[in-house]
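Look over the sequence and the model, then read the points below.

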Amino acid sequence: VITARTRAIMPVHLYGQTVEMEPLLELAAKHNLVVIEDAAQAIGSEYHGRRAGALGDYGCFSFFPSKNLGGAGDGGLVTTNDAQRAKRLRALRMHGETQRYHHRYVGGNFRLDALQAAVLGVKLKHLDTWTAARQRNAARYREMLREAGVTGERPEEGEVVLPVELPERRHIYNQFVIRAPWRDELATHLRERGMGHAIYYPVPLNRQECFAHLGQNEPGDFPVAERAAEEVLALPIFPELTEAQQRAVADALVEFVRDRRPA
């Protein structure tokens with residue numbers, strides 16, 4: 001899909017684990033393209049010992065309150081290891097100013113509020129502790145489900161599929177996302193029992209109205225994305241989640257799966 005008009009590749013580090021970056025970096029170098037990492041869900045995640053946001057030319061982070069490092073409102077951060085790019089970014093966030101009242105670019109007001117910076121400065125000190133708690137909760141889910149015979153290895157038998165930690169990664173578990181062919185029924189089952197859950201994301205990009213003009217919005221145009229959108233379900237994973245709360249979620253999930261298995 002790379003053409004003469006292509007300028008950048010934008011990998012998305014989804015749910016807290018990095019994309020397989022080496023092939024993308026090689027492809028970008030071959031075609032002289034910029035790599036812009038969407039690391040909004042991946043602060044602190046690693047790929048072969050390197051942090052998300054330091055792998056490509058730019059890294060973009062979100063400080064939305066639900067993120068692993070969240071502020072008290074909207075905010076974000078862009079990283080780069082190139083001095084000229086950093087200089088331009090600083091100008092773009094300040095109405096394109098390069099000096100007072102002199103605008104080299106058309107920019108905007110994208111400065112982080114001082115209050116948000118103060119909140120984030122305090123919370124940043126706890127990020128590694130919170131990440132470790134999320135990782136502990138992920139391991140505990142796997143243990144609880146494995147004890148009940150839900151291994152995540154038999155999707156063809158109506159089994160749930162559990163998240164996978166790839167080799168040479170540091171997964172920071174912004175979300176703990178399972179997959180199930182009967183996702184909507186499972187979501188109803190959890191909701192009826194007061195169990196928190198969320199669907200990230202129910203509609204793939206090619207099926208969004210804003211991209212209809214691209215002509216790739218028919219069922220089957222992007223089968224992998226479409227199937228994922230129909231199957232994904234996030235379970236609670238926040239650092240303060242107690243073992244008893246996790247056990248309740250796991251028991252509700254196991255109850256549903258057992259009812260779905262062939263007699």
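A residue counts as buried under 20% relative accessible area, exposed over 50%, and partly exposed in between. This is a predicted model. The points below cover the surface, the nonpolar cores and the cysteines.

**Surface patch**
- L27 has a relative accessible area of 33%, so L27 is partly exposed.
- L27 sits in helix α1, which spans residues 21–31.
- Together with V1 and I2, L27 makes a nonpolar surface patch of about 310 Å².

**Nonpolar cores**
- The largest nonpolar core holds 28 residues.
- Inside this core, V160, F176, I178, L186, L235 and L253 have the most contacts.
- Two or more residues each come from α4 (127–147), β10 (176–179), α5 (183–192), β11 (232–235) and α7 (243–260).
- Helix α7 gives the largest share of this core, with seven residues.
- A second core is separate and has nine residues, including A39, A52, L69 and L127.

**Cysteines**
- The whole structure has zero disulfides.
- C60 is in no disulfide, and its nearest cysteine sulfur belongs to C210.
- A disulfide needs the two sulfur atoms within 2.5 Å.
- C60 is partly exposed because its relative accessible area is 28%.
- C210 has 53% relative accessibility, so C210 counts as exposed.

Methods. Residues are numbered from 1 along each chain as its sequence is written. This is a predicted model: local features need pLDDT of at least 70, side-chain atom pairs count only at pLDDT 80 or more; totals for chains, interfaces and linings use all residues. Side-chain values use heavy atoms; hydrogens and water are left out. Patches are made of residues with over 30% relative accessible area and no salt bridge: like charges are joined within 9 Å, nonpolar side chains (Val, Leu, Ile, Met, Phe, Trp, Tyr) within 5 Å. Accessible areas come from the Shrake-Rupley method with a 1.4 Å probe; for residues, only the protein chains shown count as cover. A salt bridge is a side-chain nitrogen of Lys or Arg within 4 Å of a carboxyl oxygen of Asp or Glu. Helices (H or I, at least four residues) and strands (E, at least two) are DSSP runs, numbered from the N terminus. Buried means under 20% relative accessible area, exposed over 50%, partly exposed in between (1.4 Å probe, protein chains only). A nonpolar core is a set of buried Ala, Val, Leu, Ile, Met, Phe, Trp, Tyr and Cys residues joined through side-chain atoms within 4.5 Å.
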